[in-house]
Amino acid sequence: MTHATIDTPELGSEDNRYGPTAARPAPSDKRRLSSKTVDIHAHVSIAAAWDYMTPHFDASKIAMVKHSNDETRALNMKQDKDRTVAMKDRDDRLRVLDAMGIDMQVVAPIPFQCWYQSPPEHCIKGSQIVNDGIAEWVGGAADRFVGLGTVPMTEPEEAAAELTRCMTELNMKGVQILTNIDGEEISNARFEPFWKKAEELGALVMVHPNGFTQGDRFEDYYFANVMGNPLETSLALAHLIFSGTMERFPNLKILGVHGGGYLPAYSGRIDHAWGARKDSAAGLPKPPTEYLKRMYFDSVVFTPDQLEYLVAQYGADHIVMGTDYPYDMADYDPVEHIVSSDLSEADKAAVAGGSALKLLGLD
């Protein structure tokens, strides 16, 4: 079996590489931190869930697949084969964490295992199988892994019930949901039972994209991911703010992956619109960025200057280290990313792990 460790040459090819980012210079040596490090954004695939869901799941309905050209689809199929070990082998993942200098990793399902396009009864059952699989994965190395589950968001009451099971029976710290529920905004009123339960339980809700729903212009150049995913996250977070969801549930713990998309980097525009136009004010009693600053964002932004900006604007207590492992758009040296920045030593320690430990209640 070929292992997926990050120093292995079999990781990819010129067509599809997995390794150090081209967005920042490669270091001459690997620098590490003495403080505890936590990767809050990584994925695993649960084989038993595929076994059950394959007859009840049509991937072509998912935006990431629907709005891609033939070349991208072929490379994505190759990636699925390339990353089989990386997605499923816990021992291999532990070797990767050691090589990356990561003490603990929060694992969530791959986005394709959220099942929102499937019939309700199968979405519910498939979600339960995924969560049982995540719990088993974490339980095999509980000192190194923390779990985030999935919930059948198409059925909000069932989603709230499964969230409760994740938190109380499976010892998870929260769940991953996608940026839209088969085209519905996550801020729609019918999802309030889920948000109410998430706040009640203190659950972390990781909001993750899987392609942009109106993606006709994103089919070439892998733009469905490169451009579409951050835009999806930006819209989802903005809807949570402008709909009043963050006002009604002030203690929600929302994690926007990939640095929160584009919204945190251009937040002044939403405040300007809120103050300038009635149709953008949305009845919010406070400027939109007041709610944005309650959210958390990961470090998967690839360049030190962007990371420094996020910390300056939102505080080191709201920026947490992530990888998006084991995909091709992952950061394969996240600790070096933080070390190479101009953040203070205290902020480096917070972003690398301290803030995540507090957020997860593990400090």
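Helices (H or I, at least four residues) and strands (E, at least two) are DSSP runs, numbered from the N terminus. By this assignment, the protein has 18 helices and 10 strands. This is a predicted model, in which local features need pLDDT of at least 70 and side-chain atom pairs count only at pLDDT 80 or more, while totals for chains, interfaces and linings use all residues. Residues are numbered from 1 along each chain as its sequence is written, and side-chain values use heavy atoms, with hydrogens and water left out.

**Overall form**

- The C-alpha trace spans about 55 × 50 × 45 Å along its principal axes.
- Of the 363 residues, 56% count as buried (under 20% relative accessible area, 1.4 Å probe, protein chains only).

- Three strands form an open sheet of order 1-2-3 with parallel pairing (two strands pair if DSSP finds at least two bridges between them).
- Strand 1 (38-44) and strand 3 (145-147) are the edge strands, each pairing on one side only.
- The twist averages 35° from one strand to the next (axes are lines fitted to C-alpha atoms, for helices over the stretch in contact; angles run from 0 to 180 degrees between N-to-C directions).
- Strand 2 (residues 104-109) runs parallel to strand 3 and is joined to it by 3 bridges; Val-107 stands opposite Gly-147 in strand 3.

**Helix packing**

- Helix 5 (residues 90-100) packs on the sheet and touches strand 1, strand 2 and strand 3 (contact: heavy atoms within 4.5 Å).
- The direction of helix 5 makes about 120° with that of strand 3.

Terms used. Buried < 20%, exposed > 50% of the residue type's maximum accessible area, 1.4 Å probe, protein only.
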